[in-house]
Amino acid sequence: MKADKRELTRNELLNAARDLVFERGHDRVSVQDITRRARLATGTYYNYFDCKQDVFIAVAESLKAELKDEIDTTRLTVKDPAMLVAVTLKFYFYQALDNRNWFDFTRYVGLADMTLQQDAEQCLEDINRGIKAGRFRVDDPQFTQVLIAGMGQHTTASIRQGIVGRNSIEFGVRSILQMLGLPDLVSKALTQTPL
């Protein structure tokens, strides 16, 4: 019960911070504004966060968690490890391109470097699942996961900077699938499958 109340209070602070940033901008929001909006005492804020920027990081992490929940629901229905990787990559790349809440919030609060992509542990599990199923040919799964993360960060950053567009997403996913050992024709077919 106490943990539920604590989580509820934290969520009220997150929601207040997010709403205020969209209404006023990052620089015009104080800790007092956040607690006033959440209808909490200012001291309560410091039971959860050390400074103003901490709540903004927590809001961004919360947005990422919501997106992870969304793709995880889809992932449950995908059996083929290669398709799982393709669907997951496409989802995160398209979110980086199209999700205005994520894009605007992180830009407003100075977190534009925060990457929107699959977490490392889940990616490594996907690689190992593909190796076990005979779909992927990878010598070092851990290093391959690092390469995929780097490619994801670079692609996402390039999208955010406007350097590449929507057509680059399919090329990026196809390149990663080929790095995992899939032939060009197979990776192309998997990439063109709708989300």
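Trainee: What should I know about the source of the model and the numbering?
Mentor: This is a predicted model, in which local features need pLDDT of at least 70, side-chain atom pairs count only at pLDDT 80 or more, and totals for chains, interfaces and linings use all residues. Residues are numbered from 1 along each chain as its sequence is written, and side-chain values use heavy atoms, with hydrogens and water left out.

Trainee: How many helices and strands does the protein chain have?
Mentor: The protein chain has 10 helices and 0 strands. Helices (H or I, at least four residues) and strands (E, at least two) are DSSP runs, numbered from the N terminus.

Trainee: What does the C-alpha trace span along its principal axes?
Mentor: The C-alpha trace of the protein chain spans about 60 × 40 × 30 Å.

Trainee: And what share of the residues count as buried?
Mentor: Of the 195 residues, 45% count as buried, meaning under 20% relative accessible area with a 1.4 Å probe, protein chains only.

Trainee: Which percentage of contacts joins residues at least 24 apart?
Mentor: Among contacts between residues at least 6 apart in sequence, the figure is 67%; a contact means heavy atoms within 4.5 Å.

Trainee: Let us turn to helix α8. What is its reach from first C-alpha to last?
Mentor: Helix α8 (residues 141-160) has 20 residues and reaches 28 Å, close to the 28 Å expected at 1.5 Å a residue. The expected span is 1.5 Å times one less than the number of residues.

Trainee: Which elements do the buried residues of α8 pack against?
Mentor: They pack against α5, α6 (100-108), α7 (120-132) and α9 (166-179). The buried residues of α8 include Ile-148, Ala-149, Gly-152 and Ile-159.

Trainee: What is found at the start of α8, and what follows the helix?
Mentor: At the start, a side-chain oxygen of Asp-140 reaches to within 3.2 Å of the backbone nitrogen of Gln-142. The helix is followed by Gly-162, whose phi is positive, near 80°.

Trainee: New topic: where is Gln-95, and is it buried or exposed?
Mentor: Gln-95 lies in helix α5 (residues 81-98). The residue is buried, because its relative accessible area is 15%.

Trainee: Which residues does Gln-95 touch?
Mentor: Leaving aside residues up to four places away in sequence, Gln-95 touches Leu-67, Glu-70 and Leu-116.

Trainee: Which side chain joins that of Gln-95 in a polar contact?
Mentor: That of Asn-99, at 2.7 Å. A polar contact is a pair of N or O atoms within 3.5 Å; within protein, one must be able to donate a hydrogen and the other to accept it, and residues adjacent in sequence count only if both atoms are side-chain atoms.

Terms used: Buried means under 20% relative accessible area, exposed over 50%, partly exposed in between (1.4 Å probe, protein chains only).
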